[in-house]
Amino acid sequence: MSAEWLIAGPDGPTLACFCRSCTPTGSITDLTCLRCGDGPLLAGGLAVDTLDNLPAPARRWLTAAGWRLDGPVCPGCLPSRAR
């Protein structure tokens, strides 16, 4: 299983990977792109029941990474902008 996890870090949310025996415990949200089905797992204090409740640090991180959260749609599935 290969998955990216968005976890709380000392300087804000950060991406991490874990082996099966080391995955974070507690609340987990699977943020899934509506187009490709991929996305990070949000753990701990970043996990929410709906995207409307997404903590501001997680929202800022995801937006800066290129996510459109009104879908949600990942950066890889967003149409490229005309130049």
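In which sense do strand 1 and strand 4 pair, and over how many bridges? Strand 1 and strand 4 (residues 41-43) pair in the parallel sense, over two bridges; strands count as paired if DSSP finds at least two bridges between them. The structure described here is a predicted model, in which local features need pLDDT of at least 70 and side-chain atom pairs count only at pLDDT 80 or more, while totals for chains, interfaces and linings use all residues. Residues are numbered from 1 along each chain as its sequence is written, and side-chain values use heavy atoms, with hydrogens and water left out.

Strand 1 also has a partner in strand 2, and here the pairing is antiparallel, over five bridges. These two strands form a hairpin with two residues between them. Strands and helices are DSSP runs numbered from the N terminus, with at least two residues (E) for a strand and at least four (H or I) for a helix. Leu6, in turn, finds its bridge partner Leu42 in strand 4. In a regular strand, side chains alternate between the two faces of the sheet.

Leaving aside residues up to four places away in sequence, Leu6 touches Pro13, Thr14, Leu15, Pro40, Leu41, Leu42, Ala43, Leu46, Ala58, Trp61 and Leu62, where a contact means heavy atoms within 4.5 Å. Leu6 and Pro40 lie 34 residues apart in sequence, and their C-alpha atoms are 6.2 Å apart in space. Within the largest nonpolar core, which has 13 residues, Leu6 is among the members that touch the most others, together with Leu42, Leu54, Leu62 and Trp67. A second, separate core has five residues, including Trp5, Ile7, Ala16 and Leu41. A nonpolar core is a set of buried Ala, Val, Leu, Ile, Met, Phe, Trp, Tyr and Cys residues joined through side-chain atoms within 4.5 Å.

Trp61, one of the contacts of Leu6, belongs to helix 1. With a relative accessible area of 26%, Trp61 is partly exposed. Besides Leu6, Trp61 touches Pro13, Thr14 and Leu15, again not counting residues up to four places away in sequence. The C-alpha atoms of Trp61 and Asp38 are 17 Å apart, and the two residues are separated by 23 residues in sequence.

Thr29 sits in strand 3 and is buried, at 13% relative accessibility. Its side chain reaches the backbone nitrogen of Val48 at 2.7 Å. For such a polar contact, N or O atoms must lie within 3.5 Å; within protein, one must be able to donate a hydrogen and the other to accept it, and residues adjacent in sequence count only if both atoms are side-chain atoms. Thr29 also touches Pro40, Leu41, Leu42 and Ala47, with residues up to four places away in sequence left out.

Turning to the aromatic rings, a pair is described by the distance of the centres and the angle of the planes. Rings of Phe, Tyr and Trp (its six-membered ring) pair if their centres lie within 6.5 Å, and planes under 30 degrees apart count as stacked, over 60 as edge-to-face and the rest as tilted. By this rule there is one aromatic pair. Trp5 and Phe18 form it in an edge-to-face arrangement, 5.8 Å centre to centre and with 90 degrees between the planes. The pair links distant parts of the chain, with Trp5 in strand 1 (residues 5-9) and Phe18, 13 residues away, in the loop between strand 2 (12-16) and strand 3 (28-30). Trp5 is buried, with a relative accessible area of 4%, whereas Phe18 is partly exposed at 30%.

Side chains of opposite charge can pair when their charged atoms come close. One salt bridge is found in the whole structure, defined as a side-chain nitrogen of Lys or Arg within 4 Å of a carboxyl oxygen of Asp or Glu. It joins Asp70 and Arg68, whose closest N and O atoms are 2.5 Å apart. Asp70 is exposed, at 63% relative accessible area, and Arg68 is partly exposed, at 34%. Finally, the peptide bond from Gly71 to Pro72 is cis, with omega near -5 degrees; Pro72 is found in the segment after helix 1 (56-64).

Notes
Buried < 20%, exposed > 50% of the residue type's maximum accessible area, 1.4 Å probe, protein only.
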